[in-house]
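Open the model in your viewer and keep the selection tool ready.

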Amino acid sequence: MQLVNRANILSFSLLVLFFVVFSPVWLSLVSSWASSEDYSHGFLIVPLALYLVWQKRSEYRRLEAVANWYAFPLIVFSLLLYLLAHYAEIRTLASLSMILFIGASIFFLAGWRFFKTSIFPLTLLLFMVPVPAQIYATLTIPLQLFVTKTTAIIASGVGIPLVREGNIIHLPEHTLEVVQACSGLRSIMSLLTLGAVIAYFGLRGNVLKWILFLTAIPIAVCVNIVRVMAMVLAFYYFDIDLTQGAIHTYVGLGVFVLAILIFLLVRKGLSLCVR
């Protein structure tokens, strides 16, 4: 009974500590999700991670919770890491320290087997953390140029006269700028999240899961080339601007649905490999 009471006290203490210390991190994350379309999928991550834990409930019931004090230094380290991130105003590091605190607390309160069973839901939480602005810019610019150059090559190949300058495509009566949203990075982040879940539930074998997960990158880039190409065709042949208003949103949604369909076809193909 004393052991149970002590475990309850430790669990309650860590829960209170979590909410007191990391509430600014949650406020910062929610603000980032609400203010940027690139990270709006962050609102879905926590409910999805909780669902994964609930889905494993029968497996958790079979495990015996055994406290592991070797994990306590990890809790202390996560708190020190948060203090460093807080005073240095490094938001990404603050978010990562929070996820480390959650994992270390599970390890500390319930032991290695509970932690091992929780690895995927914990890993999924990483997708709710915004990429640092410097890294985002470093990745976005090459993708913008690649999408622009590839689209220009394809358009020239089908007989459309154009001139490309960096991420700008000059058509006879229109100029099309391939902005950051068309680089594919936003789709990559969303598809990587989706890919992780589909691979986890839909495939057997770690190799196939990793293959499906990583195919999100070329798929996202390719469908964004399709989107920019559609804008070029609409400009040149029909004098329709697909870059403005509601129609731009609809085109974006259509392209994302196309990406998901391709992704599911790849999963289907990979699943046939294990039969």
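Select Thr 215. It is found in the loop between α10 (206–214) and α11 (216–238). Helices here are DSSP runs of H or I with at least four residues, strands are E runs of at least two, and both are numbered from the N terminus. Thr 215 counts as buried, because its relative accessibility is 17%. Buried means under 20% relative accessible area, exposed over 50%, and partly exposed in between, with a 1.4 Å probe and protein chains only.

What does Thr 215 touch, not counting residues up to four places away in sequence? Show Phe 263 and Val 266: Thr 215 touches both. A contact means heavy atoms within 4.5 Å.

A note on the model before moving on. It is predicted, so local features need pLDDT of at least 70 and side-chain atom pairs count only at pLDDT 80 or more, while totals for chains, interfaces and linings use all residues. Residues are numbered from 1 along each chain as its sequence is written, and side-chain values use heavy atoms, with hydrogens and water left out.

Next, the aromatic rings. A search of the whole structure finds 19 aromatic pairs. Rings of Phe, Tyr and Trp (its six-membered ring) pair if their centres lie within 6.5 Å; planes under 30 degrees apart are stacked, over 60 edge-to-face, and the rest tilted.

Select Phe 18 and Phe 22. Their ring centres are 5.7 Å apart and their planes at 45°, so the pair is tilted. Both residues lie in helix α1 (residues 2–35), four residues apart, about one turn of the helix.

Jump to Trp 112 and Phe 115. The ring centres are 5.7 Å apart with planes at 40°, so this pair is tilted. Trp 112 and Phe 115 are three residues apart in helix α6 (residues 112–117), about one helical turn. Trp 112 is partly exposed, with a relative accessible area of 45%.

Then select Arg 57 and Trp 54. The charged end of Arg 57 sits over the ring of Trp 54, 3.8 Å from its centre. The test is NZ of Lys or CZ of Arg within 6 Å of the ring centre and within 35 degrees of the ring normal.

Finally, zoom out. The protein has 12 helices and three strands. Its C-alpha atoms fill a box of roughly 80 × 50 × 25 Å along the principal axes. Buried residues make up 41% of the 275 residues.
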